[in-house]
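Dear colleague,

Please read them with the structure open beside you.

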Amino acid sequence: MSAEQTVGMAQRPAEKKSTRPGIDWRGRLLDRAPFLVACLMLALIIAIYGSLQSGVFSLDELNLDTAAAMTLMLAATGQTIVLVRGGIDLSIGGMISIGTVIAATRFTDDPSTVALWSLVILALGFLIGALNGLLISLLKLQPFLVTLATWSILNGVAMIILPTDGGSVPSWWVGFASAQLVGLTSPVWMLLALLVVWWWFRATRVGIAIQATGSNEKSAFLSGVSITRVNLVTYGLSGLFAAGAALFLVTQTGAGSPTIGKDYILPSVAAAVIGGVSLFGGRGHLAGTLIGAFVLTLIGNLVFVLHVSSYWQPVASGIILLLSVLASSVAEKAARNRVQ
Amino acid sequence: MDLVTVKGLSKRYGGIVALSEATFSACAGEVHALLGENGAGKSTFIQILSGAVQHDGGSILVDGQDYRPANPDAAQALGIAAVFQELSLIPDLSVEQNIWFRHEPRTLLRTVNRAEMRRKTLALLDKYSFPALRPDQELRRLTLAERQIVEIAKGLAKDPRILILDEATSALPAREAEWLLKLTRQLATEGRLVIFISHRMAEVRAIADRLTIFRNGSTVAAHEANAVSDNEIVTQMIGRHLDRLYPERVSTATDLIALRVSNLSSGSRLTGVDFALREGEVLGVGGLQGHGQRELFQALFGATRATGAIELWGKPTSIGNPRQALTGKDGIALVPEDRRGQGLLLTKSVRENLTLSVIRRFTENGLLSRQKEAALVKEMVDFLRIKAGTPEQLAGTLSGGNQQKVIFGKMLLTQARVLLLYDPTRGVDVGTKGEIFQLMRDLAAKGYAILFHSSDMPELVHVADRVLVMRNGRIAATLEGDRISEAGILRAAMLESEAA
């Protein structure tokens, strides 16, 4: 195996790198350092949580925590795609709000109506996202500014549809989040599905093109990637996942809220960064993001069982974010020194 | 019949004419060299051919069909692939992912078929006897030379009828450059057209069947390679007689030691290096690539950690980081290897690039003095003859030679008098090369001390007062006077390996 990996090494003068093929374990470890740090954090938080509270290591707890984290996970999945492409999407906040108010005002007990409006919400999510991508490409604008603007617009529209929290969704829709299959609730199955879809998507040509564009846009363009199409798909998917997050969120709240979306904008970025996704694009995986979402959610539980003010939750989240960024920058430096 | 015929090709960027009335013709199975100074229009020409930009006027016929690719993809579909000088590779993908990017073999699930990709990679590398490459290694871990080789593999992976090599040898060490020349001939024998751009006349001589010369955005002549002399070519390239590429070597070295290095070591790449660089001296650093030259320059500039002692103008110095190394008249300034990555901010103006590291020089009471800045910038632009429309032109839009001049200007503005020049003429055209050598001589005469590395050995031979030859991270020999020759450098660089 290792002999095959190097071609024509005999022609090469003494250079250690090429005469010693085989897997570069230390390099791979350094590459994954941010992700490993996130896993470590999660393990630590679970350990503390488990020592303070009984019944933490049970299927019930897993079901509960996954349901609590799923809205953030869906939003952060879209955000991860955008971050890997080297952009950012703030408009997901507006999309989530608008999704919940449409669901809360349009869903009836009739399943076909619910199905229809769910599709409308998902399609709207994709279209608005694609519009973001188009604006960014065609007008050559900063993603931060474009999505900030669409966030504001969507937020306003959500307020017009439903000025205050309210409306309702049918109880069977709410029950979806606790529906079980072989002991696992639907959010846990969704989590697994997200991972499988991601694993597939990242290995497709489109997935690779998105990562490549985030890694080096100029090179990707010179290689023949259509940057406009990449932006369209990337932001479209982000909008789609935000719409999905809205549909899930109403199973948790049972109502619509025109302001709730903003609570997911920065946490979706934070979850990704904690999980080792680079803000500069090109690097990161969904597994890390999902771990990051768990970390952020479990901190809330931890603050609760510690019987301290709930205001400590954002403080703890911030500290964890700083630690993750520090870990990845240390690993990055170590990796760079190895190259030179 | 000709495979490619170009007539009256033109391209403007805003008010700037990059190409006008260019003509070109070449047939299958030939190696066709493009020659010309930087900014002569070669780059624009091949960018049009490869689909990266579109022409405004004129026509291109490929196989008798009108050819106007909308993007690089369309060009590749028609069998035209380019190996760019400024690389088109993705840092976060592996070598093989880069080679097959967007053309990956796929499984039934539409995902990349890794096993098939590995097999095809090894077959490709084997067919053209590529130098050692690890297919699974991430690109950002590779050296500049290795990346250039991956770029070549990527071009070949498209199995193109026309392959454009844009200064592909300039980033390669001698052995790999030689391999590339052999490869180029092999490709022509296979019936492909290779369009070859190089500033090294010897290479063009070695492999080109025909050549086309560009000047100021137009083609001035096309020749059979064996029917024209070097002198004629150079005259046509620059439009005047170039008196000489290398300035006269008048040693201006004094006895004052500007930089004394004792026992400098850094990891396994640099061990116990001792030397002294005198005021007014141009000291060359040579040897086979990868024997510690890069590490020496980085250690001196403080970009890598190193042990040992460094004395600047007689004073012991610890150089911790580039910012410290830059400071003041007694400092060190570096022209780095990768000018686009390390030396220049491409999206900033010429002015900003020049003054970035010396903002303090025109700050008064904490405020920037724009007049002072403008005066300094003008002085540098004039002194170095930087060809830019205005000082506000973006550095990324300058030709390679002019970018290099901006880096020189940036370095001179720091007022440091010990200069480290790492391959300052890489990818620079003949005319600008001459200017750079003359500049080095002038600076030496003014009392600057210059440490100079070049991957092109004749440059060391003709420009340096003394040459340090490095081998396995040590100084293997110091050549002076008549002992400085290509043979002398090679002998010193390789002696140990011969004995072993």
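**Notes on the predicted model**

Where pLDDT is low, the predicted coordinates should not be read in detail.

Residues are numbered from 1 along each chain as its sequence is written, while chains are lettered from A and ligands numbered from 1 in the order in which they are written. Because the model is predicted, local features need pLDDT of at least 70 and side-chain atom pairs count only at pLDDT 80 or more, whereas totals for chains, interfaces and linings use all residues.

Chain B is divided into domain 1 (4-238) and domain 2 (257-499), with bounds from an automatic or database domain assignment. The C-alpha centres of these two domains of chain B lie 30 Å apart, and 13 residues of domain 1 are in contact with 17 residues of domain 2. On the side of domain 1 of chain B that touches domain 2, helix α8 (residues 230-238) gives the most, with 3 residues; helices here are DSSP runs of H or I, at least four residues, numbered from the N terminus.

I96(A) touches, among others, A75(A), A242(A), L249(A) and Y264(A), not counting residues up to four places away in sequence.

With best wishes

How values were computed. Contact = placed C-beta atoms within 7 Å. Helix = DSSP H or I, 4+ residues; strand = E, 2+ residues; numbered from the N terminus.
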